[in-house]
Amino acid sequence: MGRALGVLGLLLGLALGQGLEVGLRGGGGVGVAYLRLEGVWTLEGVRLGLALAPYLLLPGGKGELLLERAFLEAQEGDWALTLGRLPLTPGEGRLFPYTWNAPNPLGGSTGVLGGLLTHYGPEHRLRLGLTEKGPFAELALKEGRLFLFREGAGLLGSWPLGEGVGYGEAFWTQDGPRGLLGYTAFWGPWLLTLEGVYPLGAALALAWEGEGLALQGLLGVRQGLFGGLTLRWEAWSLGLSGVGGRFLGWVSYRGDF
């Protein structure tokens, strides 16, 4: 226990001047209280990223320490090497993301363990990766991206469409095909995002932001209805989401220290 507190104290020291979030989430008689600490530090071609969260399960008060992200990236010229627990989302979807990250009980996501070697060219980005979910290769051009991995392949892209941006992806995996088409644009003061996905699903999100105040709403269907509403005022957030008749609420505060 003492060693764990010492490690937490060291990480708290590193996090000084970075971001924090204090929150409470729950529904159906169970919940979680947490403190999330996150930040990115840059020193002469080296970048360190960290996000960790001690939390308590309620009721009962059992404590855990969750490491969501911890990576070290070194860059030399056109090359970059990244090692650690990394956020990795191959897909283009905002509402139905194809991601290798794992959802966690704090409402965030936990990255994958691995390493990336990236080359930045004038017209491309080439990335080779080895992670706990397997190896992959990605080639990104202005026209789109090609993503190859052990279980399949994907083609992805985005393009101007009217007053907004259209985007899409097509993946072939061992579980079958996956496809997505999306569109995002401003509709008056609202940012509208609409997505359709295969296997069949669709969702609509609306977001509005004013001075110190923001509102976000989501409604969709995929093997049942789901939706959510989030209100942000200054550093405070209050939200409610529901999936198939089950509801989850949360309140959180974000700041710096």
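Contact here means heavy atoms within 4.5 Å. The model is predicted: local features need pLDDT of at least 70, side-chain atom pairs count only at pLDDT 80 or more, and totals for chains, interfaces and linings use all residues. Residues are numbered from 1 along each chain as its sequence is written, and side-chain values use heavy atoms, without hydrogens and water.

Start with Leu-116. Beyond its neighbours within four places in sequence, Leu-116 is in contact with Ala-80, Leu-81, Thr-82, Leu-86, Arg-127, Leu-128, Gly-129 and Phe-136. Leu-116 also belongs to the largest nonpolar core, which has 12 residues, including Phe-71, Leu-86 and Phe-136. Such a core is a set of buried Ala, Val, Leu, Ile, Met, Phe, Trp, Tyr and Cys residues joined through side-chain atoms within 4.5 Å. Strands β8 and β11 each supply at least two of its residues; strands are DSSP runs (E, at least two residues), numbered from the N terminus.

Thr-82 sits in strand β5. Thr-82 counts as buried because its relative accessibility is 6%, and buried means under 20% relative accessible area (1.4 Å probe, protein chains only). Residues up to four places away aside, Thr-82 touches Phe-71, Leu-72, Glu-73, Gly-114, Gly-115 and Leu-116.

| Residue | Value |
|---|---|
| Thr-82 | 6% relative accessibility |
| Thr-82 and Glu-73 | 2.9 Å side-chain polar contact |

A polar contact is a pair of N or O atoms within 3.5 Å; within protein, one must be able to donate a hydrogen and the other to accept it, and residues adjacent in sequence count only if both atoms are side-chain atoms.

Definitions and conventions: Buried < 20%, exposed > 50% of the residue type's maximum accessible area, 1.4 Å probe, protein only. Helix = DSSP H or I, 4+ residues; strand = E, 2+ residues; numbered from the N terminus.
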